[in-house]
Amino acid sequence: MATNEPKKDPRLLRLLGSTLWPSFLVAGMASGVFFASIDPEALRLETLPGVEISRMAGYTIGFFMFWLVGLASSLLTVLLLGSVGSRGR
Amino acid sequence: MAQKDKQNQDKGHSSHEMYAAREKIHPREVKGIFQNLRILSVIALLGIYYGLPWLQWGERQAVLFDLPARQFHVFGLTFWPQDFVFLALLLIIAALSLFFFTALAGRLWCGYACPQTVWTELFMWIERWTEGPRQKRIKLDRSPWSREKILRRGSKHLLWILLGLWTGLTFVGYFTPISELTTRAAAFDLGPWETFWSLFYGFATWGNAGFLREQVCIYMCPYARFQSAMFDRNTLIISYDEERGEPRGGRPRGIDPKEKGMGDCIDCNLCVQACPTGIDIRQGLQYECIACAACIDACNQVMDKMEYPRGLIRYTTENALEGNPSRVLRPRVLIYGLLLLILIAGAITGISLRSEVNMEVLADRNVMYREVDFHTVENVYSLRILNKSMEARSFRLEVSGLDDVEVLTRPEVIQLGPGGTDNINARVRVPRDQVSGPGNPIEFTLVAEDDPSVQSRSRARFHGPSPE
């Protein structure tokens, strides 16, 4: 796999590693805390009572929403760090 | 645009080696006491991981995190979302233990217990078994595709994938009863979420333990970045004894190195070859070091062969290396230890004193108070009651805090099945002359009829008309 290949595009891997991964960790924790106090079933009845969403689907949707939010934040951080680097040095 | 900027910039400082294409590391297998300890730890931890979901406790799986029912079963205990505080406490205890052991003995966690290390070790065993020892693996990497290479590589990947799938399925087995899950998996009859999460977890294991390996520790692990903050001069670290080893160099066996002005290191490079993260421990403590102690075992083997004393590379402290005494008991360790003890004691007491019934009280927000008749003021509360025990129970609500206060619920006796919840309206009435103004504190007590020790208390406010 990515082992003996010549240098391909480490920048892309680095971008993925420093955004996808931390946001994944944080999303795991956030969904734990969030769903411990809020039942996805109650949330569904409050918001979309007409749509059938199981609890498992609720948890999964919640997890991916947290992940997306975290990813957005990580991407912004990468962007901002980059621009400071080019001016400051 | 932004991308172009970024590209230009990256050319500017090429010092970032993050995620650079790397030489695949083929750690040399070594034997020794620390490697035996690691093997033991791998067997114990993975034994727990793969075995635990298969244990039964009465009618149900002993450890089952039943997300659809919002109940966590851990042997005889059942936790509810209302018990979230215990999960938080558990995480704090885990973090503090990590601090405690790091301060005492460095990165024990990384070397012996981290899932990344443990699964990597298992995947490496398979690699060693199918592709042979280090030299053979390096040769195989370079050799053109032949029948043997296809067979060896193929069987490695097949075993890895099977192991990854089994790991993913086991993971889901913590959330869905596993015996039923495996039966359905064998019939390719898994639900969408079960399929997704078992593939997801299996894929992550396969990728992290099979391919990324030490890169996870070096580039992805947050603990690796901050663990050094918990180090001090008395922390056990794995270190090369420079004083004794230098100047290093090859030599024939049987000569006295001191005569030649040499140190004990024969520069055989075995410590480097054994290192799973590919560093040279002789350059000093590095943050890539996961403290697996493979270099210690490798070096001790060589020292034995040379008939030098063992321990040129060893567990030691900075103080000891400089000839100062090391102290195990020091403020940092004592404070971590004390906090840990308090938290563990607190968690155990909390869990054993956990009430079997839970009640949340919400005041009716539409009307502050209602005058029932000329003499009586009434407030309405909405109660959410949860019977956490595994048997049906009936409860009665009491209220205190104001003179002549009474409470009405319908029905008067609240019956709840095992694990059942209900929303109840409670009307609290107080004589008008006993209450003045808003915000008088009252307390609800929900008591089980069969066992008065099973109860839950909750505070609320009673609002009355302001005095004229």
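Reader: Over residues 157–175 of chain B, what percentage of the chain is helix, and how far apart are the end C-alpha atoms?

Author: In this predicted model, residues 157–175 of chain B are 84% helix and 0% strand, with the end C-alpha atoms 28 Å apart. The span is one of those that UniProt, in an unreviewed entry, lists as "transmembrane region" in chain B, and residues 195–212 are also among them. Those residues, 195–212, are 100% helix and 0% strand, and their end C-alpha atoms lie 24 Å apart.

Reader: Where does UniProt place the "transmembrane region" feature in chain A, and how many helices does that chain have?

Author: The unreviewed UniProt entry places the feature at residues 12–36 and 56–81 of chain A. In the model, residues 12–36 are 100% helix, with end C-alpha atoms 35 Å apart, while residues 56–81 are likewise 100% helix, with end C-alpha atoms 37 Å apart. The secondary structure of chain A comes to 3 helices and 0 strands, and buried residues make up 27% of its 89 residues. Of the contacts in chain A with a separation of 6 or more, 70% are accounted for by residues 24 or more positions apart.

Reader: How should I read a helix such as α14 of chain B, and which of its residues are buried?

Author: The general idea is that an α-helix has 3.6 residues a turn, so residues three or four places apart point the same way. Helix α14 of chain B, residues 294–306, reaches 19 Å from its first C-alpha to its last, close to the 18 Å expected. The helix is mostly covered, with 10 of its 13 residues buried, including B:Ala294, B:Cys295, B:Ile296, B:Val302 and B:Met306. The buried residues of α14(B) pack against elements of chain B that include α2 (33–51), β6 (237–240) and β7 (313–316). After the helix comes B:Glu307, whose phi is positive, near 60°.

Reader: Why does B:Asn300 count as buried, and which residues does B:Asn300 touch?

Author: B:Asn300 counts as buried because its relative accessibility is 9%, and buried means under 20%. This residue lies in helix α14 of chain B and, leaving aside residues up to four places away in sequence, touches B:Arg310 and B:Gly311.

Reader: At roughly what angle do the axes of α6 and α7 of chain B cross, and which residues meet there?

Author: The axes of α6 (residues 134–142) and α7 (residues 147–172) of chain B come within 11 Å and cross at roughly 115°, and the crossing is left-handed. On the α6(B) side, B:Lys136, B:Leu140 and B:Asp141 meet B:Lys149, B:Arg152 and B:Arg153 of α7(B). The residues of this contact divide into 1 nonpolar, no polar and 5 charged.

Reader: Which peptide bond is cis, with omega near -5°, and which residue has a phi near 45°?

Author: The bond from B:Glu246 to B:Pro247 is cis, with omega near -5°, and B:Pro247 is in the loop between α12 and α13 of chain B. Another cis peptide bond joins B:Arg410 and B:Pro411, with omega about 0°; B:Pro411 lies in the loop between β12 (406–409) and β13 (414–416) of chain B. The phi near 45° belongs to B:Arg213 and is a positive value in a residue other than glycine. B:Arg213 is found in the loop between α9 (192–212) and α10 (214–220) of chain B, and counts as buried at 4% relative accessibility.

Methods
Residues numbered from 1 in each chain as written. Chains lettered and ligands numbered in written order. Predicted model: local features only at pLDDT ≥ 70, side-chain atom pairs only at ≥ 80, totals over all residues. Heavy atoms only, no water. UniProt positions renumbered as here; feature names shortened; annotations may be inferred. Helix = DSSP H or I, 4+ residues; strand = E, 2+ residues; numbered from the N terminus. Axes fitted to C-alpha atoms, helices over the stretch in contact; angles between N-to-C directions. Left-handed = near helix turned anticlockwise from the far one by under 90°. Contact = heavy atoms within 4.5 Å. Nonpolar A, V, L, I, M, F, W, Y, C, P; charged D, E, K, R; others polar. Expected span 1.5 Å × (residues − 1). Buried < 20%, exposed > 50% of the residue type's maximum accessible area, 1.4 Å probe, protein only.
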